[in-house]
Amino acid sequence: MPANLSRRSLIAGATAVGSTIIAKPTRAAEFTFAQYHNQPATGTLHRNLVAMWDAVRSETNGRVEATVYAENNKLAGGDPEAFKKLLAGEIQFFTLMGGIIGTVVPVAEAQQVPFAFKSSPEAHKAIDGPFGRHIGEEMAAKGMYLFPVAGFDNGMRQVTTLARPIIKPDDFAGMKIRVPPGQMIFDTFAAFGAQPVTTPANQIYDALKTGKVEAQENPLAIMHGYKLDEMVKYVSMTNHMWSGFNLMAHLATWQRLPDDLKAALTRNATIYVRRQREEQGKLNAELRDTFAARGIAFNEIDQAAFRARLPGVYATWQEKLGSKCWGLLEAEVGKLG
């Protein structure tokens, strides 16, 4: 790796926010990286990324050192800005949802086809198999390396509101709801009659507090991590999409690594992705009881009524994603649309 890349990463490390943890090698590192992600430092993603890089440092006897930046090191532009930095090689490793990757690699949006996956384990199986490999191949053509087992878990997404619960699609009419960047999720909520509004993850709290939005949708762990439960009064268990955090590298950086270091990174990524999936799944399940005990109201919804609003979304995205991608997805989850 060129020396200037290492120096740039070290400078980034010197400006890290307080949530950053630096794995300290036993000798001068040959390779120094920045690892960004958009979650709080208290979450399962941050904890497992730190542990993953610490294991890599240990196994390589200090040849690799990484700084892990929670909440994308407070970049004002959030995930889209960090994504641009990854593509430029200014940061070397990043985790990101498929919907945002889809702004550059359209097939990555297929991870978030509405009502495709019934559960997180079903999504994990798909993204670890041919469906996920196809997305990785398309990402490589755009300068990203997707790990073979890459999908850290976020979980099944639920709708949370301040004033009234969502029970049927008409309840969305005119409602301003925060969604992450990504055209498919925007199209989905527009089809329900809502007004989607995009903000970085760490600005959801302020968006709800100031009235910029009336609702947001995320797994319960995100509601907990960003303290949205301080305001949210209703949770509708829509399970409308799965989302995860794809572990990827700047492709040229990855290609320059010696094979033994690639093997160490791949092995540990697999270990800690699977560990984080278990922790996140347990957390999402436990939080329902925690929130309900504090007076937050939960309700189940009839997915069929919501799916009935989506034929146009399915038709549009089947064409955008292409027959190969759509076929691989349907091979995992059954007929869509």
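## About the model

This is a predicted model, in which local features need pLDDT of at least 70 and side-chain atom pairs count only at pLDDT 80 or more, while totals for chains, interfaces and linings use all residues. Residues are numbered from 1 along each chain as its sequence is written, and side-chain values use heavy atoms, with hydrogens and water left out.

Searching the whole structure turns up 2 cavities of 30 Å³ or more. A cavity here is a set of points, on a 1 Å grid over the protein atoms alone, where a 1.4 Å probe fits but cannot get out; lining residues have an atom within 4 Å of a point. Grid points are joined across faces, edges and corners, and a volume is the space filled by probe spheres set on the points.

Around the largest cavity you will find, among others, Asn 38, Glu 71, Asn 72, Pro 200 and Tyr 226. Its lining has 4 nonpolar, 4 polar and 2 charged residues (Ala, Val, Leu, Ile, Met, Phe, Trp, Tyr, Cys and Pro count as nonpolar, Asp, Glu, Lys and Arg as charged, and the others, Gly among them, as polar).

The second largest cavity has a volume of about 60 Å³. Strand S5 gives the largest share of its lining, 4 residues, and helix H6 (130-140) also supplies at least two. Helices (H or I, at least four residues) and strands (E, at least two) are DSSP runs, numbered from the N terminus.

## The largest pocket

A pocket is an open set of grid points with protein on both sides within 12 Å along at least five of seven lines. The largest pocket has a volume of about 230 Å³. Of its 17 lining residues, Ser 120, Met 156, Gly 281, Asn 284 and Ala 285 are the closest to the centre.

Helix H11 (259-293) is joined by H5 (120-127) and S5 (144-156) in supplying at least two lining residues each, with the largest share, 6 residues, coming from H11. By class, the pocket lining divides into 6 nonpolar, 7 polar and 4 charged residues.

## An open sheet

Six strands form an open sheet of mixed pairing, in the order S8-S7-S9-S6-S10-S12; two strands pair if DSSP finds at least two bridges between them. S8 (195-198) and S12 (297-300) stand at the edges with a single partner strand each, so one side of each has no neighbour in the sheet.

Within this sheet, S6 (158-161) and S10 (234-237) run antiparallel and are joined by 3 bridges. Thr 161 has Tyr 234 as its bridge partner in S10.
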